[in-house]
Amino acid sequence: MKETLLHMLKAKENGYVSGQEISNVLNCSRTAVWKHVSELRSAGYEIEAVQKKGYRLLRSPDAVTPEEILSRLKSEKLGKKVVYHTSLKSTQEMAHLEAAKNAEEGVLVVADEQTGGRGRLGRSWHSPAGTGIWMSLVLKPRIALQKAPQLTLLTAVGVVRAIEKETGLAADIKWPNDILLNGKKIVGILTELQAEADQIHSVIIGMGMNINQKKEHFPEDIAAIATSLSAESGKEYSRAGLIAAVMLELEELYKVYLKDGFGLIKLLWESRAQSLGKRITARNLNGTLTGFAKGITDEGVLLLEDDEGMVHSIYSADIEITTTT
Ligand code: BTX
């Protein structure tokens, strides 16, 4: 109901929608219309009511509620169902539960704040209220287990393209899961699986995007490595607009991926990857390797050539670019 009402108000940009028209479309009384308008107002919408003219939307809050996301969504499947919570420990956790309940592909779990947001290897992800995007998308691709890392790379490409389209800012990808703006981390991607033997049931793609935080909002331990779109450009962005843009980009890339495989995605990824062709240090649980980042395989695995000329396949690591040549 609220969603339809919002759609109607938004569709009449700067114009009035009469109470009668709303009550006809929603099939409810004028008093019920007033109640829905009041609910929207308490959620932060500024709505003007003028006798004989009707209602006019003056301002929407920067919320990541289903109403705000769905009224901007252009994708057909991804993000069509939004599971929203003001505060969650982790959207990943909730998306795992949704996936286990046999949620349809494309379900998106969003929280305004995470109290226990997580990164890889048990690390934490700083997710304060009101300024960033913390979301987890459920996909159900019929692909072999070892191909799952490709979806992290696909997501990175989709997120970078969405940011560029929505904000004009050009971000880079650092293998495998970081998106950087001016050398600092603005987005982290966490891909997790529900699988049995070598059969994937669901892929849960977690995305943490720093959007409107000010520089001083970042805690000391990450202030030197993290940034937000707003901290870099001085502008503020609609989080719901960015979520809708990410869903559309991901949907387009995902369709190509399912139909034609990883080839095109790989090319797109390589064109945005700042670590390729550079001397890097890769650290993971097996130790530290330094060498030349030759490229990625068709599976999305990073190839590192060490100083003895031996090529190593790196499945998971933290990468540091040691020099720019
Ligand atoms: P990662 O392990 O590559 O990065 C985690 C590291 O990034 C932390 O140890 C810290 O140094 C740094 N960091 C923490 N918070 C931030 C931040 N807000 N901005 C920049 N750097 C930060 C990356 O893991 C994957 C993160 C995925 C987060 C999403 S949010 C929605 C979903 N739910 C959830 O619990 N996780 C995912």
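Predicted model: local features only at pLDDT ≥ 70, side-chain atom pairs only at ≥ 80, totals over all residues.

1. The unreviewed UniProt entry carries the annotation "domain: BPL/LPL catalytic" for residues 67-258.

2. Helix H1. In helix H1 (residues 2-11), the buried residues are Leu5, Leu6 and Leu9. They sit on the same side of H1, because the arc they cover around the axis is only 100°. The packing partners of the buried residues of H1 are helix H2 (19-26), helix H3 (30-42), strand S2 (54-59) and helix H4 (66-70).

3. S1 runs antiparallel to S2 and is joined to S2 by five bridges. Within this pair, Arg59 of S2 is the residue opposite Glu46. Three residues lie between the strands of the hairpin, and Lys52 there has a positive phi near 70°.

4. The seven-stranded sheet. Seven strands make up an open sheet with mixed pairing, in the order S3-S4-S5-S9-S8-S7-S6. Its edges are strand S3 (82-88) and strand S6 (172-174), each of which pairs on one side only. On average, neighbouring strands of this sheet are turned by 20° against each other, direction ignored.

5. Pairing and packing in that sheet. Four bridges connect strand S7 (residues 178-181) and strand S8 (residues 184-196) in the antiparallel sense. Lys184 in S8 is the bridge partner of Leu181. Helix H6 (residues 149-167) packs on the sheet, where H6 touches strand S5 (132-139), S6, S7, S8 and strand S9 (199-210). The directions of H6 and S8 make an angle of about 145°.

6. The five-stranded sheet. A further open sheet has five strands in the order S13-S12-S11-S10-S14, with antiparallel pairing. Strand S13 (311-314) and strand S14 (318-321) are the edge strands, each pairing on one side only. From one strand to the next, the twist averages 45°. Strand S11 (residues 287-296) and strand S12 (residues 302-305) run antiparallel and are joined by four bridges. Gly295 has Leu303 in S12 as its bridge partner.

7. A cis peptide bond. Most peptide bonds are trans. The bond from Trp175 to Pro176 is cis, with omega near -5°. Pro176 belongs to the loop between S6 and S7.

8. Positive phi at two asparagines. Which phi does Asn27 take, positive or negative? Asn27 is not a glycine, yet its phi is positive, at about 55°. Asn27 is part of the loop between H2 and H3. Asn27 counts as exposed because 8 other C-beta atoms lie within 10 Å, the cut-off for exposed being 12 or fewer. Asn102, also a residue other than glycine, has a positive phi near 70°. Asn102 is placed in the loop between helix H5 (91-100) and strand S4 (108-114). With 9 C-beta neighbours inside 10 Å, Asn102 is exposed too. For context, most residues other than glycine have a negative phi.

Terms used:
Residues numbered from 1 in each chain as written. Pairing = 2+ DSSP bridges. Axes fitted to C-alpha atoms, helices over the stretch in contact; angles between N-to-C directions. Buried ≥ 20, exposed ≤ 12 C-beta atoms within 10 Å, placed from the backbone. Arc of directions from axis to C-beta. Contact = placed C-beta atoms within 7 Å. UniProt positions renumbered as here; feature names shortened; annotations may be inferred.
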